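Here's a quick briefing to read alongside the coordinates. Have a look at the model first, then work through the points below.

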There are 2 protein chains.
Amino acid sequence: MLPAPSALARKLCSFVALSEDELEVLAGLHRRRRSFAAGRDLTLEGQPNQAAYILAEGWVCSYKLLSDGTRQIVDVQIPGDFLGLRSVLLRTADHNIEPVTAIEASEVLESDLLHAFATTPRLATAVLWAASRDEAMVVEHLVGIGRRDALGRTAHFLLELSARLILVGRGTREGFACPLTQYHLGDALGLSAVHVNRVLRELRERGLLTFQRGQVSIQDFRGLVELAEFDSAYLDHQGPLLR
Amino acid sequence: MLPAPSALARKLCSFVALSEDELEVLAGLHRRRRSFAAGRDLTLEGQPNQAAYILAEGWVCSYKLLSDGTRQIVDVQIPGDFLGLRSVLLRTADHNIEPVTAIEASEVLESDLLHAFATTPRLATAVLWAASRDEAMVVEHLVGIGRRDALGRTAHFLLELSARLILVGRGTREGFACPLTQYHLGDALGLSAVHVNRVLRELRERGLLTFQRGQVSIQDFRGLVELAEFDSAYLDHQGPLLR
DNA sequence: AAACCGGGCTGATCCACGGCAGGATTGCCG
DNA sequence: CGGCAATCCTGCCGTGGATCAGCCCGGTTT
C-alpha cells in the first residue's frame, strides 16, 4: 500500500499520470523532513550552497529587499512547490525566503534529484514542467504589476493562488485559507498595505470576494476572472502536449 | 582556423572558458541562419510548436498583450541570447516576439541541442547558466517595476542593457547603440511613453546619461549605479562556482 | 489589569505618473 | 525640393495610489 500522495505528487499528476514506480521514487525524495518556524528567514541573499526543498506543509514567500527598506515579494510557495531549485544550480541564493507560517519541507540533495531523474525520465520531465510553470508565474506577475491597476492585480493574484491551491487539495472553487497578511499582499503586489486594505474592501463591496480572518471566499468567480483578465492557461496548459 | 566567435560564444566564455572543440560544436548550432524584418511579430501567443533561435544580429523584445491594448515587454533580447527556449520545452509560446530591428537568428532544433549537450556536457552547463541568468533578469525586472520609481527603474534597465551589451562586444563603458523607441521603453518599464520622455530628460539634466538618436551615452556611471541601486551580481556572478 | 504588539481599518492630504493635445524634429520617399 | 510618418518633446490637468496619523480589536506578557 502506498502512502498518501504528497502535494507535489498531486500537482505533477495533473500534468502527467505517474506510475506507481514513479510515485514511489517521488515519495523517496521526502525523506529528510525538516520543520521551520514562521517568520524567521531561511536563506539570506548572496550566501552560497543552500539546499533545495520540497514544501510539504505551510506557506513561504521569496522576496528581495531594497536599500530603502521596502521589499518585493517575487513569488509565494504553497505545498507541493520547490524551494530554491535555482539557487542550487547557481550555487548562490539570489533572494530571501520567509516562512509565512510554520512549515515542513523535505530537503532534496542534488544527488537525490539526479538519481531520481536517471531512474524515471518522465519524472524529470514533470519536474521540468513545474519549473517552467513557476517561471511563467513570475512573468504573469510582472505583467500584472506593470500593466494592471491595483484592483485587477489583486484579483489576479488571488485567482492564481486559488487555482494552485485547488490543484494540491488546499482549496475549492468557493475559497481557501490564506495566511498572508495585508502587508504580504502589499509587498507582493507592489502596493502599500493601506491601499491593499482599500482594494479588498472594494472587492468585498462589489460582491466579488471576501478576505477576512485568513479566509478567502470567492463569491463571483466569473466577475473576478473578467476583472482580472485571468486566463489559467499558463498554470495548467498543455500537459499532454509535452512529450 | 576557427571563424569569428558568435555573440553567444563570447557570452558563454565569460562564464566558463570553452575549449576549441566546444566552440566548434557551438558554431555548428549556427547553421540554418534566417533573417526577419523589423516590426513583424515572430510568434503569436498560444500557438504550438514554435522553433527556438539563437539571436545573431539585431534586437527583439518579448511581450504580452492585455485586452485594453496596453502591453508589457517582459524582456529584451540582444545578440547572443536565446529566443523561445521555453516555448520549445512547453510546446506552446506564451508570449509574442517583436523584432525591434531587422534580425538574423539561427534556428535551433531540439535534437541539435540535445546532441550538442551529449557531446559536450560543459556546454550544457553553460547554456543552463544562460537560462538561469535570463530568469534572474526577469526577477530583477519585476522588483524594479514593483518597487523602484520611474527614474531608478529606467536607470537600472539601461545599466543592465549596458552590461549585457558589453559582454557581447556591442557596447563600452561609455555607451551603446540602442534601437528601442521611447514607446518600447515605456512598455518595458510599465510607464507611459510620455513619462519616459520626461525621465530621460531628467537623467540628461542630472548629467547621468543621454539617450538621443538611438545612442545611449553614459556620462556618470557611478551616479547611475547609485541611483538605480544596480548590482550586476545577478548578471555575471559566480560562474566559477558552478560545477 | 495594565501594557504591549501585530494586524486590520479609515480619513486627510500629497505627489508621481497618466492622458490629452499640440508642436518640433527627424528620416524616408518620390 | 516637398510631403508624410514616426518619433520626440512639452504643458496642462486629472487621478490612483502613497504617506501619515490615528483608532480598534484580540492575543500575549507581566
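**Helix packing and DNA surfaces**

Helix 6 of chain A and helix 9 of chain A are oblique to each other, since angles under 35 degrees count as roughly parallel, over 145 as roughly antiparallel, 65 to 115 as roughly perpendicular and the rest as oblique. Bear in mind that this is a predicted model, where local features need pLDDT of at least 70 and side-chain atom pairs count only at pLDDT 80 or more, while totals for chains, interfaces and linings use all residues. Residues are numbered from 1 along each chain as its sequence is written, and chains are lettered from A and ligands numbered from 1 in the order in which they are written.

**Helices 6 and 9, chain A**

- Helix 6 (residues 150-167) of chain A packs against helix 9 (residues 221-228) of chain A at about 125°, with the axes 8 Å apart; axes are lines fitted to C-alpha atoms, for helices over the stretch in contact, and angles run from 0 to 180 degrees between N-to-C directions.
- On the helix 6 side of chain A, the contact uses A:Leu151, A:Gly152, A:Ala155, A:His156 and A:Leu159, and helix 9 of chain A brings A:Leu224, A:Val225, A:Leu227 and A:Ala228 (contact means C-beta atoms, placed from the backbone, within 7 Å).
- That contact of helix 6 with helix 9 in chain A splits into 7 nonpolar, 2 polar and no charged residues (Ala, Val, Leu, Ile, Met, Phe, Trp, Tyr, Cys and Pro count as nonpolar, Asp, Glu, Lys and Arg as charged, and the others, Gly among them, as polar).

**Helices 6 and 9, chain B**

- In chain B, the axes of helix 6 (residues 150-167) and helix 9 (residues 221-228) come within 8 Å and cross at roughly 125°.
- That makes helix 6 of chain B oblique to helix 9 of chain B.
- B:Leu151, B:Gly152, B:Ala155, B:His156 and B:Leu159 from helix 6 of chain B meet B:Leu224, B:Val225, B:Leu227 and B:Ala228 from helix 9 of chain B.
- Sorted by class, this chain B contact of helix 6 with helix 9 has 7 nonpolar, 2 polar and no charged residues.

**Helices 7 and 8, chain A**

- The axes of helix 7 and helix 8 of chain A come within 8 Å, crossing at roughly 100°, so helix 7 of chain A and helix 8 of chain A are roughly perpendicular to each other.
- By class, the contact of helix 7 with helix 8 in chain A has 5 nonpolar, 3 polar and no charged residues.

**Around the DNA**

- DNA strand C is surrounded by 15 residues, and the closest are A:Thr181, A:Gln182, B:Asp149, B:Ala150 and B:His195 (near means a C-beta atom, placed from the backbone, within 6 Å).
- Helix 7 (182-189) and helix 8 (193-205) of chain A, plus helix 8 (193-205) of chain B, are the elements giving two or more residues to the surface near DNA strand C.
- Helix 8 of chain A supplies the largest share of the surface near DNA strand C, 4 residues.
- The surface near DNA strand C has 6 nonpolar, 6 polar and 3 charged residues.
- Of the 15 residues around DNA strand D, the nearest are A:Asp149, A:Ala150, A:Val194, A:His195 and B:Gln182.
- For the surface near DNA strand D, the largest share, 5 residues, comes from helix 8 of chain B.

**Chain A overall**

- Chain A has 10 helices and 11 strands (DSSP runs numbered from the N terminus: H or I of at least four residues for helices, E of at least two for strands).

How values were computed:
Two residues are in contact if their C-beta atoms, placed from the backbone, lie within 7 Å.
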